[in-house]
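My notes follow in the order in which I looked things up.

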Amino acid sequence: MASWRPGHYVWPGGRTKLVLLGGINSRTGDAEGAFGGLLAYLRREGGYDVRRDVLEGTYAGGDANGQWRPQVYGQADTRRPLIDMAEAMAGCLDFYRQALPPDARLCVLGYSLGGVVSLDGATLAVARDRHSWLGRLHAVVTLSAPVHGTSVGQLVNWAWLATGEPDGLGAAGDDLQVRWKDAEEQTRLARRAAFLRNEGARVLTLADPDDSVVRPEEALLPAPGESVSDLQVTVGITRPGSLGHGAILEEPSVWRRVLAAIGPQTTARGAKPKSRDPIEDELQKLKARMRREGRLK
């Protein structure tokens, strides 16, 4: 069926679907580029079809013809209050759940601020309709995401450089600073992760100890039996001017951890694994007509 993104579709084949969400100052369409190395690895080693198995989350949504739908988002949408962005992500996940076959499962992958919004949004979606989500959320993976909030430090300087905006992270930044200082919110955050795990989802939070923007103490939510050190991945790639932020997306050892969390692709029961692309169908019809008219051999 047609997606909320113009020109994109939600394909039924493939049991596992990946929902990506990029970080601050991203816009619709950026996530696939940011996760490019990981997606190439998942295609090669996990059997994922990047065009059909990869979906994008959103920071925005609203009423369309009397029904709430995810909407194309811009850079300003990534600086809204956390609760507004989480609401949009929750609605987006519900949109995909309803559009996909009943045995399809979603894996949400969020980078930086996108990881915060992904975790909060997934929790909202499942909590509101636990019955419908039973077995549907397979994993939530966050990469260098300040899920605990931020102690500020270098983050404000980095955000200003990245966004070009005088308020850096905007309302989202204010909320992250409040979250870091709020002991009760830290307790609620741990409960969110425990809730998703109890509902059958794998929650994996990874961080680079050399990342000067998002520190491990801001980013990690160990599962029972995991330690903070288990979730720290030293990245061998340098990105000048980034303060180490973002390099985690290009680290092969991280790609392997993600594939282990989400598992390889399988075919959903009752789905046709090789559903035809409507654009390909139109192209074949055009070629057939041109052959009949003698304009193509």
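Helices here are DSSP runs of H or I with at least four residues, strands are runs of E with at least two, and both are numbered from the N terminus.

Before going on I noted the ground rules: this is a predicted model, in which local features need pLDDT of at least 70 and side-chain atom pairs count only at pLDDT 80 or more, while totals for chains, interfaces and linings use all residues. Residues are numbered from 1 along each chain as its sequence is written, and side-chain values use heavy atoms, with hydrogens and water left out.

**Overall**

I counted 12 helices and 7 strands in the protein. Of its 297 residues, 51% count as buried, where buried means under 20% relative accessible area, exposed means over 50% and partly exposed lies in between, with a 1.4 Å probe and protein chains only. Contact means heavy atoms within 4.5 Å; among contacts with a separation of 6 or more, 76% join residues 24 or more positions apart.

**Helix 11**

I went back to helix 11, residues 252–262, and listed its buried residues as Ser253, Val254, Trp255, Val258, Leu259, Ala261 and Ile262. Their cover includes strand 1, helix 2 (36–46), strand 5 (105–111), strand 6 (137–143) and strand 7 (202–206). From this helix I picked valine 254, which is buried with a relative accessible area of 1%. Leaving aside neighbours within four places in sequence, valine 254 is in contact with Leu143, Leu206, Val233 and Ile248.

**Helix 5 against helix 9**

Two packed helices are described by the angle between their axes and the distance between the axes. The axes are lines fitted to C-alpha atoms, for helices over the stretch in contact, and angles run from 0 to 180 degrees between N-to-C directions. Helix 5 (residues 113–128) and helix 9 (residues 183–198) pack at an angle of about 60 degrees, and their axes are 10 Å apart. Helix 5 and helix 9 are therefore oblique to each other, given that angles under 35 degrees count as roughly parallel, over 145 as roughly antiparallel, 65 to 115 as roughly perpendicular and the rest as oblique. The residues that meet are Leu119, Asp120, Ala122, Thr123, Val126 and Ala127 from helix 5 and Leu189, Arg192, Phe195 and Leu196 from helix 9. By class, this contact of helix 5 with helix 9 has 7 nonpolar, 1 polar and 2 charged residues, with Ala, Val, Leu, Ile, Met, Phe, Trp, Tyr, Cys and Pro counted as nonpolar, Asp, Glu, Lys and Arg as charged, and the others, Gly among them, as polar.

**Helix 8 against helix 9**

How do the axes of helix 8 and helix 9 cross? The axes of helix 8 (residues 170–181) and helix 9 come within 5 Å and cross at roughly 95 degrees, and the two helices are therefore roughly perpendicular to each other. Arg179, Trp180 and Lys181 of helix 8 make the contact with Ala183, Glu185, Gln186, Leu189 and Arg192 of helix 9. By class, I recorded 3 nonpolar, 1 polar and 4 charged residues for the contact of helix 8 with helix 9.

**Serines**

Is serine 118 buried or exposed? Serine 118, which lies in helix 5, is buried, with a relative accessible area of 0%. Not counting residues up to four places away in sequence, serine 118 touches Leu21, Met89, Val108, Leu109 and Gly110.

Most residues other than glycine have a negative phi, and most peptide bonds are trans. I therefore looked up serine 112, whose phi is positive, near 55 degrees; serine 112 sits in the loop between strand 5 and helix 5 and counts as buried at 5% relative accessibility. Serine 144 also has a positive phi, near 50 degrees; serine 144 lies in the loop between strand 6 and helix 7 (155–163) and counts as buried at 1% relative accessibility.
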